[in-house]
Amino acid sequence: MKILILGATSDIGIAVAKLYASKRANIILASRNSRRSIPLAKNLEIRYEIAVDLMEFDGINYQSHDDFVQQLPDDIDIALCVFGYLGDQEESMKNWKEAEKILTTNYLGAISILDQLAIYFSGKGNGSIIGISSVAGDRGRGSNYHYGSAKAGLTAYLSGLRNSLYTKGVNVITIKPGFVATKMTDHLDLPKPLTNTPEEIAQLIYKAQVNKKAVAYPFPWRLIMFIIGLIPESIFKKLNL
Amino acid sequence: MVKKVVSNWTKFPEIEADINDFLYEEEVSKTLQNNVNIIARGNGRCYGDASLGARIISTLKYDNILEFDKKNGLIHCQSGVLLSDLLSVIVPKGWFLPVTPGTKFITIGGAIASNVHGKNHHKDGAFSNFVSSITMLKPNSEIETFSKESNPELWDFTCGGMGLTGIILSAQIRLKKIESSYIKFRSIKARNLDEIFKLFEENEAYTYSMAWIDCLQTGKNIGRSILMLGEHANQQSLKRSKDILNPKDKSLFKLPFNFPTWVLNSFSLSAFNFAYYHKQRSKVVNRTVHYDGFFYPLDSILEWNKMYGRKGFLQYQFVIPLEKSIEGLREILERIGKSKFGSFLGVLKLMGKEDNSISFPIKGYTLALDFPIKNGLFEFLDELDEIVLKHGGRLYLSKDARMKKETFWASYHSAENLRKYLSSSDPKNKISSLQSKRLKIH
């Protein structure tokens, strides 16, 4: 088994790498500054006696994505797209640069590389593509709607991609975390019972991949989003969410 | 940043602090540059306030093993790696920790900062003897890799210096070769203090030794105890030949300490100590046991600290120089016997020579005791401090949450050198802990 992790320096990327390494999968850690992943790569090789490779990958440098996929070895079974950028909603209202960064990283960058990976896996006729979307994409909220809209787009894209690749033998999985305790959310006061650790999200990803799931939420977010979905817009707009 | 409630293993003291963790060197550098009064913290297994402060840097996520030379037994790892983790990697390859304290749930950074000792201190010394180099983020934001030879002063105040010289980022450790994960274990009962001292001295050749001591005995039974000795079992001495390098305990016989916490709660202390002593019927018992039960009997009761309840407990560990040991210990045990502060755990050990200027061990006997926190305990421990000082002993900083600064300054002869060193290496007070402030070290 070999897994490609795009966004390997993120907390979830690291947790997934550790989990798959413990299952004796070989790993490719790809990130914008892959040198940062050297300690993790050595660590996983020593602990689990697997092979770990490093690759440079920049989510928002779309032009490079074609080349990147060309350089991939032909034995990858799983590709996980975990890079993202939460950004600052207030800042993105004032400053288009911030809004653009949120949209390009979470939406355009993801779609650009997923398009290429779809071709790669279609050619192979098997494998899994896993995208990390977010519950923020299920319904736009006042506190992060640039981010939410990008994730909504990604969710729709993954759904379509799943439909399209089904006949090619490729499984596409949408992971929708709620709150996750990571560097990205370190400054926020998250409600503890609703906050998952990166390790829990890694477990969710692993189970979804093994069981060939389509969409996976961590507990209890499926229920929460179902309820949030029922709230009429006339009321929802008045809530401070 | 959201403040979090944090305390170490004894639940005392409990404070609110900012906690930063880090995955990459540049993150911790930035935290150091932008703050003062920070202190590194590993797995929070020290028994006091040494790793508590206004801003805590948690090393737990900085936990990569960077190199492992399986042939020569050298390992290089980041400071947040737990000893338990390390064991699971090195034992199957025939290597062991050269020095280990009574829990495997501590980090490499913590092991160096406390300069931990183990059951082999009388033979091998403390952890620092097996550290070939340390990489540290210093208060001036420089990152330095140093050894005992390349920077003796920094080395001296880092090993046992309770994290005050800088943030330990990684270290290289020399491991110990083993043929199996089993220990040839021998236990001997001693009726009193004279007998246990004699047994310790007779058995100094053993690599591992320590004793459980019943602290509730008085009069001629004072010091009633069980001496535990051990050697790594070699291949030929084992009945089995398969699976002899396993970090998991697969043996049928385990050391008799695996009862659940509710049992411990309902036992009165004296009943427990009585049972423990009389469980061993014969004077001497020989067994082959897995290292896990031998070195880490309490780790199997994962949260044994909770049996002391919400108020928490204090651990009191002191060492008294050899020539005064028996006199001092007798006085302290008598005082405990007469007091209302029963101690459930008493661990006695003969230590080897002093390791470096700020580390705890000195040649002599050390005793570690647990006391649940209740009214009058702090005053009582102040009285014990006086006895320790009177006999030229000192207290272990990793177990300390309450000693008076006068006690520290009277017992650690390098206190002034450490203070001077820190005031020049860290003039802006980048690094400090509740303990360093309480003891007026920095």
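A salt bridge here is a side-chain nitrogen of Lys or Arg within 4 Å of a carboxyl oxygen of Asp or Glu. These legends describe a predicted model, in which local features need pLDDT of at least 70, side-chain atom pairs count only at pLDDT 80 or more, and totals for chains, interfaces and linings use all residues. Residues are numbered from 1 along each chain as its sequence is written, chains are lettered from A and ligands numbered from 1 in the order in which they are written, and side-chain values use heavy atoms, with hydrogens and water left out.

**View 1. A salt bridge between R36(A) and E26(B)**

R36(A) and E26(B) form a salt bridge whose closest N and O atoms are 2.6 Å apart. E26(B) sits in helix α1 of chain B and R36(A) in the loop between β2 and α2 (38-48) of chain A, so this pair joins two chains. Helices (H or I, at least four residues) and strands (E, at least two) are DSSP runs, numbered from the N terminus. How exposed is each partner? E26(B) is partly exposed, at a relative accessible area of 41%, and R36(A) also counts as partly exposed, at 25%. For these labels, buried means under 20% relative accessible area, exposed over 50%, and partly exposed in between (1.4 Å probe, protein chains only).

**View 2. The interface of chain B and chain A**

Let's step back to the whole interface. Here 19 residues of chain B are in contact with 16 residues of chain A, where contact means heavy atoms within 4.5 Å. The two chains bury about 1600 Å² between them, 46% of it on carbon and sulfur atoms; buried area is the accessible area (1.4 Å probe) that two parts lose on being put together, summed over both. Across this interface the rule finds 7 salt bridges. It also finds 9 residue pairs in polar contact, both at pLDDT 80 or more. A polar contact is a pair of N or O atoms within 3.5 Å; within protein, one must be able to donate a hydrogen and the other to accept it, and residues adjacent in sequence count only if both atoms are side-chain atoms.

Which elements of chain B supply at least two residues each to the side that touches chain A? They are α1 (25-34), β5 (65-69) and α2 (83-90). The largest share, 4 residues, comes from β5(B). By class, this side of chain B has 9 nonpolar, 2 polar and 8 charged residues. Ala, Val, Leu, Ile, Met, Phe, Trp, Tyr, Cys and Pro count as nonpolar, Asp, Glu, Lys and Arg as charged, and the others, Gly among them, as polar.

**View 3. T9(A) and its contacts in chains A and B**

T9(A) is in the loop between β1 (2-6) and α1 (11-22) of chain A. With a relative accessible area of 16%, T9(A) is buried. Not counting residues up to four places away in sequence, T9(A) touches I14(A), S31(A), N33(A), R36(A), S37(A) and K183(A), along with L23(B) and Y24(B) from chain B. One of these, K183(A), is linked with D11(A), D21(B), E27(B) and K61(B) in a network of salt bridges.

**View 4. A25(A), a buried loop residue**

A25(A) lies in the loop between α1 and β2 (26-31) of chain A. Its relative accessible area is 0%, so A25(A) is buried. Leaving aside neighbours within four places in sequence, A25(A) is in contact with M1(A), Y20(A) and I50(A).

**View 5. Aromatic pairs in chain B**

The structure holds 26 aromatic pairs over all chains. Rings of Phe, Tyr and Trp (its six-membered ring) pair if their centres lie within 6.5 Å; planes under 30 degrees apart count as stacked, over 60 as edge-to-face and the rest as tilted. F22(B) and Y62(B) form a tilted pair, 4.7 Å centre to centre with 35° between the planes. F22(B) is in the loop between β2 (14-21) and α1 of chain B and Y62(B) in the loop between β4 (55-58) and β5, so the pair ties together parts that are 40 residues apart in sequence. F22(B) is buried at 1% relative accessibility, and Y62(B) is buried at 6%.

Y208(B) and F294(B) form an edge-to-face pair, 6.0 Å centre to centre with 70° between the planes. This pair links strand β13 (residues 208-213), which holds Y208(B), to helix α9 (residues 291-295), which holds F294(B), 86 residues apart. Both residues are buried.
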